[in-house]
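The sequence and the structure are shown first.

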Amino acid sequence: MMLVDDRVWALFKCHWQHTLTYWSVFFSFGLCIAFLGPTILDLRCQTQSTLQEITWVFFAQQLFLMLGSAIGGLFKKTLCFSLSALLVSSLVISVVFSIIPLCHHVLMLAIAMAISGTAMGVIDTIANLQLVKLYQKDSAVFLQVLHFFIGLGALVSPLVADPFLAEGNCVLAGNMTTNTSIDLHHLRGFLAGKGTMPPNNISEKYHFHTEGVITTKVSYAFWIMGLINLPVPIAVYVLMNRERMFPWSKQSLRLLDKDKNSEKEQEHNLQGHGGLFGCCNSSDVRDRPASYFLLYILGGAVLFITDGIIGSYTGFIYTYAVSPPLSLPHKTAGYLTSVFWASVTAGRLASIYLSYKYTQQRLISISLVGGLVVQCLLSILYSSPVFIFMGTCILGLFISSVFPCMVALIEGMFNYKGCATTVLVTSAGTGEMVLQLLTGQLIHSKGSYSFLLVGLISSCICLIVFLGLLFIQRQHRSSQSAKDACQEVDTTEKSSNK
């Protein structure tokens, strides 16, 4: 039995090169999003900075990822603009991987992370947007595959870095005591909370030198990841050349191909609606009902919360696990982040088939209710080492499909114009940054149990917001149906008068 019907398969065969290219650039996204946590201590050695200084590079990447998501909307006007932005962004990621070993000051490293974050944000917006344009009502299936490649890249990145990580203090100086590898594993897990400063007791416990001979070999990991990523911009280049978007490729363009390419470009121009703010011009929104804007706001709010939960969970599950009452061994606790990412990746893989069989509303409802139940059980069984692993795995499976399903759902409400994607992607990036900062501050001030409370409260709010979205969607459909009926009556009366 085929997993998809002949129509969906025919669509894929028609757009296979575009689709595979967009999937590959999301692999780049996954590589970037996961490499910083495991390598942060080696980068501290390379830049000869303190723990407080090096954690700012997390914040730089997250902040500019959010900004890049908004900037990505500027390139949606035509297919040429979109593919050009993807080519530059994916190439920038390979270049950043290559120059990170040359950044010997924390400010230079923060700038490199900001550039890579911007490229990641552009990729996030454009890849989602172009798949929605290509497949429209069938886009949910292909968006699930797209986000599966994030998880794949996030799994590959730490595996590449691990053999090159220092086992002891990687800045050698006189009269020093070498930290054990377990201590370094513990500290790497603790620093995975992006954008948060380590508390003073952590900084005092680990006495790292900032002056001396640097012994880290992490440069090889970045060069390898740069090479792994290099086929991605090449794939985008090949696609652009196939679409006759370069001057040298247009010279050999046959008349028939030229007409087809012109029609395709006009189609993308019509779908683009003028860039980032093209959907918000006065003529387009003047007669829109309040429900039109509420759907944007509520859809963005759902992704703000769910992506925030994913970010804070990957950032702080280790910190919670090694703290009382669990107090798991450092090495055991270190597996939790990998278990979560593996379950998210598996969940997105399973959702490829589920998105074909069930509606987006049903999948999102099941995901949010399931996530809330798991968060409740984690809060009740907070001292169970067994359930923390089970809960982490199940939570990843439930929450994995919300983003692609929500993008397909909201875009479907507005006839797949591409207007909602920029709003949703930017909201998700903002939530990931804000909720991590909030969770980190609460853990440091109120204790590790705050981590579970933030997840539980956020899940409750998210479900309520989504139920509100479904209600507003029904109201919006009713008002649109009534408006269309009135217009039809007016048209009939005018025809009869004539």
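## Glutamate 432

Helix H20, which comprises residues 419-446, contains glutamate 432. The model is a predicted one. Glutamate 432 has a relative accessibility of 11%, and it counts as buried because the cut-off for burial is under 20%.

Beyond its neighbours within four places in sequence, glutamate 432 is in contact with Ile33, Gln62, Phe304, Asp307, Gly308 and Gly311. One of these residues, glutamine 62, lies 370 residues away along the chain, yet the C-alpha atoms of the pair are separated by 8.0 Å.

## Packing of H19 and H20

Two packed helices are described by the angle between their axes and the distance between the axes. For helix H19 (residues 402-413) and H20, the angle is about 150° and the axes are 9 Å apart. The crossing of H19 and H20 is right-handed.

On the H19 side, the contact involves Phe403, Met406, Val407, Ile410 and Glu411; on the H20 side, it involves Cys419, Ala420, Thr421, Leu424, Val425 and Ala428. By class, nine of the residues in this contact are nonpolar, one is polar and one is charged.

## Helix H10

Helix H10 has 12 residues (218-229) and should span 16 Å at 1.5 Å a residue; the end C-alpha atoms are 17 Å apart, which agrees.

The buried residues of H10 are Val218, Ser219, Ala221, Phe222, Met225, Gly226 and Asn229. They cover an arc of only 160° around the axis, and therefore lie on the same side of H10. These buried residues pack against helices H2 (16-47), H5 (79-99), H7 (139-161) and H11 (231-242).

Key:
Residues numbered from 1 in each chain as written. Predicted model: local features only at pLDDT ≥ 70, side-chain atom pairs only at ≥ 80, totals over all residues. Heavy atoms only, no water. Helix = DSSP H or I, 4+ residues; strand = E, 2+ residues; numbered from the N terminus. Expected span 1.5 Å × (residues − 1). Buried < 20%, exposed > 50% of the residue type's maximum accessible area, 1.4 Å probe, protein only. Arc of directions from axis to C-beta. Contact = heavy atoms within 4.5 Å. Axes fitted to C-alpha atoms, helices over the stretch in contact; angles between N-to-C directions. Left-handed = near helix turned anticlockwise from the far one by under 90°. Nonpolar A, V, L, I, M, F, W, Y, C, P; charged D, E, K, R; others polar.
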